[in-house]
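Here's a quick briefing on the charged pairs and a greasy spot in this protein. Have a look at the structure first, then read on.

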Amino acid sequence: MKVPVLLGIAALTTALVQPHPALAQAQATYQEPYRPQYHYTPAKNWMNDPNGLVDYKGEHHMFYQYNPFGTTWAPTISWGHAVSTDWVHWKELPVAIPATSTIGIFSGSAVVDKNNSSGFGTPGNPPLVAIYCVAYFAASTDPKDGSVIPAGTQAEDIAFSTDRGRTWTPYANNPVINPLKDPSIDPANFRDPKVFWYDPGQEWIMAVALSSQHIIRFYSSTDLKNWTKLSDFGPANAVGGVWECPDLFQLPVGGGSDHEENVQSEDGDEWKKPANSKWVLVVNLNPGSVAGGSGAQYFIGNFDGKQFTAEDIIDPTIPPPGTLFQDFEGSTTFAGLGWTATGDFVGKGPATGNLPGQGGVSGFLGKQLLNTFFQVLLPNGTLSGGDFSEGTITSPTFTVNKKYINLLVGGGNHPHDPTTSDAPQPPGVLLFPHADIEPTVPGTTTYEQLGFTATGGLVNQPVATGAIGGQQPVSGFEGVGLINTFTNGSDQAQGTLTSPAFTITHRYINFLIGGGNHPYPGNNDGTAVVLLVNGKAVDSKNRSG
C-alpha cells in the first residue's frame, strides 16, 4: 500500500527503538512529543511499506520504503534497513539498497538462499537475496541484450549480501524480469515481487502484481536469476483500485497432531507442519477500500506449484446472502412483476442493459434492471434521446423484518426533494414574452426574433431544438426550444444573449439550466445565467447552482 506515512507503520508489532550509534548526531533522543514508541521509526525522513522481512543468523531483518533525503515520497525512494534480536528493540542500519540517478527502489521481498542456488555466496555462508521492483525515472538499457528500457518502466531486480545484510550488491544482469519482453504486461505497472522457496518443486516461486490489469502473475526459478512464467490469477473480487504488494503463504487447517511433519525453514528453524492446509493469496489495492483509500483483500484456496485456485471468488451476478424483497427477474413487463406503473412507465418493463441512445450500463446484478432511459414523444413530434421519462413504479407491499435494507442503485445524482411532488408543476408567470424560448418556426426563428439581444457567436443563431451538429444528445429541457451555445460544431462560441427588461413581482425566479460547470465570471469562460439589476450583475447560476 502506498499511503504516505511520516513517522510509523501500524502494521508492525511492538517495537521500541534502539538508536544506532553512528546516527547519534543526526537523531534526537526518541523522546520527542510525537515520536512513536511502539512502532519502528527511522531517525529521520519518510518511510512506508515494510519489505523483505526475513530471519538470518539470529537477527530479524526489516527493510522498508525510505527516502533518505526528505520527509515526503520522492524518486530517491530506497530500501531502509533495521535489525532486531527480539522483535521489540530495533537498530537502524545504513540504507541497504539506495536509489540511483536512473531507478527508484520499490517494494519487494528477501530470502535466505540456504543452498546457494544463486551462486552469490558459498555453502558455508549462504547469501541473503533481495528481490524488488525498480522504477525507471530515466531511460536505461538491459545489459543482457542492450535494448532500451524507457523511463516509466517497472521491472524486477535482485541484489545480494554475504555479510549478514550489512552491504548489498545489485546483480550485474538486472533486471531479472524485463516486462518489455512480454507484450501481455503493462510495463508501467509491474511491481512488488514476493518470493519464497516451494519445497515440493525444489524451486523458488514469485508472486508479482500486474497492477493496472488486476492480475497476480506467478513465476518459478531454480537460481533466483532466471524466471519462467507459470500462470495468472485475476481479475477477481475487489478491482476498485490497482493491485499491488501481493503475498502467498500456506496456513494449517483442521490438522491434528497425529498428522504433523517436521519442516525446516529457510534459516534452519524446525517447525510442525499439519498435513491439512490451505493457501492464502493477499492482494492489496489502492484505492478501493470499503472506507476509501488503500485496502487489502485475501483469497483462500490451493496452490499446486504452478497455479493458484481460489475458493472464494464472488460471482457479481449472484446477490449477497439475505432476504430478497424485490428484483426485476422473471418477467419482461413491470405489470408481470406485480409493480404498479404511472406516466411513461406504463406498458414498459425491465431492461437487460442500456437502452437506445444510452451509454454503457454496468454493475447491476442478475439479468435485468430498472432503466428509466425511455424515449418519449416530444411536443415537436420527435422522439427524445432518453432521460425525459416521467412517472413512477411502485413495488408490491412487503414486511420489513430485518435491521437493514440494501438497495442497488445506479444512474444520475438526482436526490429526492421532500418539498417537491410528482404533481404537475405549480403555475407561474413568464418573466417576459418568449422567456420560455419557444420558436415560432423551429429551425428558423432566431433568438433576436424572440426579443433577445445577441452578441458574438450567438448573433443570428436559430433557436436550438436539441443537439446541434456533432453534439452529444441534449435532454432535460421543457418544450421545443432552448438556448444552446454549441454553435458551429464546437463549444468555442463566445458572446451573450440578453433578455428584454422585466419587473420582478414574485419572491422567487426559477431557471432551468443544463450544460457544463463554468461559473460566472470565471476566466472569461463562464457559461451561466446572470441576473442584471440596473446593469449590475447581482446573481448568477449555472448547472452546479
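Asp247 is partly exposed, with a relative accessible area of 24%. Keep in mind that this is a predicted model. Asp247 pairs up with Lys194 in a salt bridge, and their closest N and O atoms sit 2.4 Å apart. In total, the structure holds ten salt bridges.

**The Asp247 pair**
- Asp247 belongs to strand β16 (residues 242-252) and Lys194 to strand β12 (residues 190-198), so this contact ties together parts 53 residues apart in sequence.
- Lys194 is partly exposed too, at 21% relative accessibility.

**The Glu59 network**
- Through salt bridges that share partners, Glu59, Arg164 and Arg166 are joined into one network.
- In the Glu59 and Arg164 salt bridge, the closest N and O atoms are 3.1 Å apart.
- Glu59 is in strand β3 (residues 59-67), while Arg164 is in the loop between β10 (154-161) and β11 (169-170), so the pair links parts 105 residues apart in sequence.
- Glu59 counts as buried because its relative accessibility is 9%, whereas Arg164 is partly exposed at 34%.

**The Lys144 pair**
- Lys144 and Asp142 meet through their side chains in a salt bridge, 3.1 Å from N to O.
- Asp142 is buried, at 1% relative accessibility, but Lys144 is partly exposed, at 46%.

**The nonpolar patch**
- Phe398, Val400, Ile405, Leu407 and Val409 make a nonpolar surface patch of about 520 Å².
- Phe398 is found in the loop between β23 (393-394) and β24 (453-454), and counts as partly exposed at 39% relative accessibility.

Terms used:
Residues are numbered from 1 along each chain as its sequence is written. This is a predicted model: local features need pLDDT of at least 70, side-chain atom pairs count only at pLDDT 80 or more; totals for chains, interfaces and linings use all residues. Side-chain values use heavy atoms; hydrogens and water are left out. Patches are made of residues with over 30% relative accessible area and no salt bridge: like charges are joined within 9 Å, nonpolar side chains (Val, Leu, Ile, Met, Phe, Trp, Tyr) within 5 Å. Accessible areas come from the Shrake-Rupley method with a 1.4 Å probe; for residues, only the protein chains shown count as cover. A salt bridge is a side-chain nitrogen of Lys or Arg within 4 Å of a carboxyl oxygen of Asp or Glu. Helices (H or I, at least four residues) and strands (E, at least two) are DSSP runs, numbered from the N terminus. Buried means under 20% relative accessible area, exposed over 50%, partly exposed in between (1.4 Å probe, protein chains only).
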